[in-house]
Amino acid sequence: MKSSSGKIMVSLLILLSLFSCSKAENVATLNNPDLHADVVVVGAGGAGLSAAIQARQLGLNVILLEKNGYPGGSTIMTEGMFAVGSHFQKEAGVKTSSRDILLSVEEYHHWIPDSTLLEKFFASSAETIDWLESLGVTFTGVSFMGDSVQTWHLFKGKGEEYINSLHKAATKAGVNLMLETPGKELVMEEGKVKGIIAEKKDGTKLNIEAPVVILATGGYSDNPEMMRKYAGINPENAVQIGMPGRTGDGINMGIDVGADTSNLGTVMYYGGNLKGVPYGTHLYTASAFQPTMVWVNQDGVRFADESIAGRNFSYSGNAIKGQDKVYSIMNKANLDYLVEKGCILGTGEYTVTGTKLTDLYKEMNEQLSKPDSGIFIADSLEKLATLIRVDKESLLTTMNNYNSYCEAGNDEEFDKASKFLVSMSEGPYYAFALEVGYFTTVGGLTVNKNAQVLDLDGNIIPGLYAAGSDAGGLYGDSYDVVYCAGSQQGWAVNSGRFAAKDAAIFLGKE
């Protein structure tokens with residue numbers, strides 16, 4: 001028995017030894033680091049630039065890695081950011097508090113988000129506006145989107161000028177910005193961050209030793225596999241707005257070292273989009289954002305109140321995502337009104353409400369020249385049904401019923417406001433194939449209120465932080481545009497600052 005037991009024990013030790021060796025081979029090491037820093041920030045968008053600048057202001061040595069050949073990420077596409085209690089709101093007579101917003105937002109999200117995280121974000125947001133102004137960022141004032149409260153602080157020159165200001169501030173502060181150098185793999189030692197392996201433009205590895213890494217790579221909007229796995233979206237049937245490179249690098253690096261995730265499948269939808277048509281153009285505004293259109297699905301029937309696109313575009317995205325096919329239908333008279341009188345609903349600051357869509361037909365002709373334009377034109381509804389391949393009788397019934405609602409001033413299906421009920425009894429008819437559109441993913445690594453990343457047991461991973469779209473816990477299943485227009489950009493800046501401030505404490509250099 002002793003001999004048999006001994007053999008079993010030896011075999012187990014050999015197996016454990018082999019397992020340990022195999023595991024060790026898969027763990028990155030930094031035997032000969034090329035560079036040293038207090039903090040490495042991965043991603044030079046709004047979150048990463050804010051984290052890097054704040055860290056330098058606190059006396060930390062910072063390396064900022066960026067995959068693209070320019071800083072800014074998808075923040076370049078933004079129009080403004082959320083804040084509550086700012087001097088802009090006070091000057092505009094906006095009377096709301098961070099507590100009021102917090103309770104409304106938690107109700108909106110069905111109490112899914114971390115209240116301590118939201119509370120700190122909201123309470124810090126006004127001071128962050130002041131901080132950005134001190135860096136040279138210029139705001140034009142405070143506005144709102146849809147039915148939201150006035151919490152949307154608009155950038156002068158939109159995201160491009162905003163990023164230029166942050167880039168200049170980072171350079172002035174002495175941030176070591178390394179373009180075309182993506183972070184690839186975290187290096188851990190005894191459960192703590194030791195550094196990161198990056199990749200140079202020529203493909204060679206760059207070993208950076210640092211006790212703090214802040215992940216701010218912008219989520220995973222450009223990663224088809226992750227979009228299918230976590231968000232349940234087929235990217236081939238969707239349109240995403242943003243800059244390239246958002247392939248989940250930060251999230252995956254965190255998961256690889258044992259980080260937990262929060263609401264990883266949450267996506268910031270903005271409604272429908274005709275594929276190939278840029279967001280905010282006159283054609284986009286006419287085809288996807290007007291309350292007078294009729295939406296039908298693959299069965300030729302309505303499925304929502306079409307005016308929700310203006311009240312809460314996140315909800316309209318949810319509704320469109322739930323259909324196999326979606327077409328927005330308008331007639332020539334309806335489109336002509338938009339050109340001659342102006343759009344009923346605008347698209348943020350890109351096309352302001354009331355703008356005459358004078359480029360509509362020009363942009364439409366350009367789109368029609370493409371092989372798969374997604375635009376269908378017919379003199380009759382019967383012919384239109386054939387073109388868009390929906391049941392003819394269903395479409396005729398849908399449109400006849402809708403026209404009767406317009407005449408009566410009462411939408412018997414979805415209670416769309418009577419002012420948006422415009423009869424389409426005469427052609428020509430236009431159908432625009434809409435696919436669900438989204439700005440960014442907003443689920444990510446689980447963080448606490450200091451942006452520290454937590455592991456699967458809820459413990460802090462020492463030295464690891466996540467900000468912006470790499471950090472989860474802020475949302476339920478939908479963007480909270482009705483209460484916090486610009487919340488994700490506001491979160492990007494604030495979470496980047498939270499990470500930098502806590503890193504200084506962690507390193508004993510507060």
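The sections that follow treat strands, helices, salt bridges and cysteines in turn. The model is predicted.

## Strands and their pairing

An open sheet is built from three strands in the order S13-S19-S22, and its pairing is mixed. Strand S13 (261-262) and strand S22 (471-472) stand at the edges; each has a single partner strand, so one side of each is left without a neighbour in the sheet. Helix H8 (residues 249-256) packs on this sheet, where it touches S13 and S19, and the direction of H8 makes about 35° with that of S19. Strand S19 (residues 444-446) runs parallel to S22, and two bridges join them. Leucine 445 has alanine 471 in S22 as its bridge partner.

Strand S10 (residues 205-209) pairs with two further strands. With strand S1 (residues 35-36), S10 pairs in the parallel sense over two bridges, and leucine 35 has isoleucine 208 in S10 as its bridge partner. With strand S9 (residues 192-199), the arrangement is antiparallel and five bridges join the strands. Here glycine 195 stands opposite glutamate 209 in S10. The hairpin of S9 and S10 has five residues between the strands, and in it glycine 203 takes a positive phi near 95°. In general, strands of a sheet pair through backbone hydrogen bonds, either parallel or antiparallel.

## Two helices with a buried face

Helix H4 (residues 98-108) has Ile101, Leu102, Val105, Glu106 and Tyr108 buried. Viewed down the axis of H4, these buried residues fall within an arc of 155°, so they line one face of the helix. Strand S4 (80-82), helix H5 (115-134) and helix H11 (313-321) are the elements against which the buried residues of H4 pack. On the face turned away from the buried side, H4 carries the exposed residues Arg99 and Glu107. Histidine 110, which follows H4, has a positive phi near 55°.

In helix H13 (residues 360-368), the buried residues are Leu360, Glu363, Met364 and Gln367. The arc that they cover around the axis is only 105°, which puts them on the same side of H13. An α-helix has 3.6 residues a turn, so residues three or four places apart point the same way. The cover over the buried residues of H13 includes strand S14 (267-274), helix H9 (282-288), helix H12 (332-340), strand S17 (375-378) and strand S18 (429-441). Exposed residues Lys362 and Asn365 are carried on the face of H13 turned away from its buried side.

## Salt bridges

The structure holds 13 salt bridges.

| Aspartate 249 | Lysine 67 | 2.8 Å |

The salt bridge between aspartate 249 and lysine 67 links distant parts of the chain: aspartate 249 lies in helix H8 and lysine 67 in the loop between strand S3 (62-65) and S4, 182 residues apart. Aspartate 249 is partly exposed, with a relative accessible area of 21%, and lysine 67 is partly exposed at 30%.

## Cysteines

How many disulfides does the structure hold? There are zero. A disulfide would require a pair of cysteine sulfur atoms within 2.5 Å. The sulfur of cysteine 343 is 20 Å from the closest cysteine sulfur, in cysteine 406, and is therefore too far away for a bond. Cysteine 406 is likewise in no disulfide, its nearest cysteine sulfur being that of cysteine 343. Cysteine 343 is buried, with a relative accessible area of 3%, and cysteine 406 is buried at 13%.

Conventions:
Residues are numbered from 1 along each chain as its sequence is written. This is a predicted model: local features need pLDDT of at least 70, side-chain atom pairs count only at pLDDT 80 or more; totals for chains, interfaces and linings use all residues. Side-chain values use heavy atoms; hydrogens and water are left out. Buried means under 20% relative accessible area, exposed over 50%, partly exposed in between (1.4 Å probe, protein chains only). Two strands pair if DSSP finds at least two bridges between them. Helices (H or I, at least four residues) and strands (E, at least two) are DSSP runs, numbered from the N terminus. Contact means heavy atoms within 4.5 Å. Axes are lines fitted to C-alpha atoms, for helices over the stretch in contact, and angles run from 0 to 180 degrees between N-to-C directions. The arc is that of the directions from the helix axis to the C-beta atoms. A salt bridge is a side-chain nitrogen of Lys or Arg within 4 Å of a carboxyl oxygen of Asp or Glu.
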